[in-house]
Amino acid sequence: MLNDFSMETPNSGSWSELPMDILRFLLEHLCFIDFHRAKMVCRNWYLCSKQTVRRRSGSPLLILSSEDDCVLFNPEEDRRDLSGTRFLANSGNWFLALDSGANLYIEHVFSEKKRINLPPLESIKSDLFSLKRVGEKEFNERAVGGFPEKGFSQRVKDLRGLLWVDKRKEEYTVAWFFDKAFCKNGEDCYRTIPTRIGVHFTSQGISDMVLRGDFLYVYTTRKYVRLLDLSGHEGFMQVTKRSFILPFHPAFPPSSEEITYAGRLKVNYNIAVTRSGEVLLVKSMVFKATTSDMMPKRMFHLYKTDPNPDSEDILHRENLSFEVHSLGDEALLLDSGITVPADPTLGIEPNSIYFTRHDRVRNYVQEPSCPDICVFHLATKKFTRFPILSYFNPKDALWFLPC
């Protein structure tokens, strides 16, 4: 159901008979987006694409969103209009999307025919509250047992979500939320994850979330990391790790850059999960623009904690974090909260952070009004920005890697 090459075109039989050397020549000369579309023609084309040497790309793809429309964009090559669609998250070539009627679905970004409709947002299985649709763009949330007229409005434009697709198992996991978290794993309804009532104070609230496989990492408002296993079909299981016992704060004292630059405007915190499963804390600072540079200056710092602290550290240290100065041969896609291998053919540079927004949980207004789409190089502490994107004036953006 989820395989990239599971659908073949009506005439794919004849196309699949092309000699391999001719097919490889054709694939080598396709633009980035058409190359990934061609992989889906048939199994032979997919296998040939794996043997084709792609030209280097200067950047991975972007999804640029306005109020109602989206554009699939490569800063160096091409674009594809995706009108009437709003993308919330992606996992490889699969996107979690919301249509104009506030219906969630999963779609293959290179094939509109490969779509999986998800249950309605209001199909929540919860003992605490219910969600009722009151229009195309609005829902009413109220406590179970409360008065019918009570509750508060949840706007569709504030909806956020996360997606993970396992192509090998042909399974998917979806998490979406307004100000609370909801999870779905191949079921016909959504199950709630308590974040305030009935949980320990360290697990209350949500500052950030990352979905990696069947595990949901929640950075709570009290700066603890909460790890949830969503693999079961009857709710979730909370996983406890020793390194999660203490709150996850940046290491002290502050870095030299924080002291050097004046006029700090904002500090944001995110979590990210590496390919090996380590949790990183990402600190993003925005400083006032100087007269020589009209863009606000931004700085990133990464931290992690000792995965196996000894008992003395747990008892006597308030913070076990230390700064990480390199990601090695990996890059961080901060929009998704995961690290990926560096790959020059996909435009992924090692030891870099690909960034457009800091908040995966709430739809805050960006400052400035359009996202700061850039790449931060940890070794040089310099940025790569894409001036051409300013012409689109997007309201939201998302880096992603086709696979």
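**Contacts, salt bridges and cysteines in a predicted model**

Leaving aside residues up to four places away in sequence, Lys304 touches Phe248, Glu278, Val279, Leu280, Leu320, Ser321, Phe322 and Val324, where contact means heavy atoms within 4.5 Å. The structure is a predicted model, in which local features need pLDDT of at least 70, side-chain atom pairs count only at pLDDT 80 or more, and totals for chains, interfaces and linings use all residues. Residues are numbered from 1 along each chain as its sequence is written, and side-chain values use heavy atoms, with hydrogens and water left out.

Lys304 lies in strand S22; helices (H or I, at least four residues) and strands (E, at least two) are DSSP runs, numbered from the N terminus. The C-alpha atom of Lys304 is separated by 4.9 Å from that of Leu280, a residue 24 residues apart from Lys304 along the chain. With Glu278, Lys304 forms a salt bridge in which the closest N and O atoms are 3.3 Å apart. This pair links distant parts of the chain, 26 residues apart: Lys304 is in strand S22 (residues 297-305), and Glu278 is in the loop between strand S20 (264-273) and strand S21 (279-287). A salt bridge is defined as a side-chain nitrogen of Lys or Arg within 4 Å of a carboxyl oxygen of Asp or Glu. Glu278 has a relative accessible area of 31% and is therefore partly exposed. The classes of accessibility are buried (under 20% relative accessible area), exposed (over 50%) and partly exposed (in between), with a 1.4 Å probe and protein chains only.

In the whole structure, 6 salt bridges are found. One of them joins the side chains of Arg133 and Glu122, at 3.3 Å from N to O. The two residues are 11 residues apart and link distant parts of the chain, with Arg133 in strand S9 (residues 129-135) and Glu122 in the loop between strand S7 (111-117) and strand S8 (124-125). Arg133 counts as partly exposed because its relative accessibility is 26%, and Glu122 counts as partly exposed at 30%. Another salt bridge is formed by Glu187 and Arg191, whose closest N and O atoms are 3.0 Å apart. Both Glu187 and Arg191 are buried.

Thr202 is found in the loop between strand S15 (190-193) and strand S16 (208-212). Its relative accessible area is 15%, so Thr202 is buried. The side chain of Thr202 makes a polar contact of 2.9 Å with the side chain of His200. A polar contact is a pair of N or O atoms within 3.5 Å; within protein, one must be able to donate a hydrogen and the other to accept it, and residues adjacent in sequence count only if both atoms are side-chain atoms. When residues up to four places away in sequence are not counted, Thr202 touches Thr220, Arg222 and Tyr224.

The search of the whole structure for disulfides (pairs of cysteine sulfur atoms within 2.5 Å) finds 0. For Cys42, the closest cysteine sulfur is that of Cys48, and the 9.5 Å between the sulfurs is too far for a bond. Cys42 counts as buried because its relative accessibility is 1%. Cys48 also counts as buried, at 0% relative accessibility.
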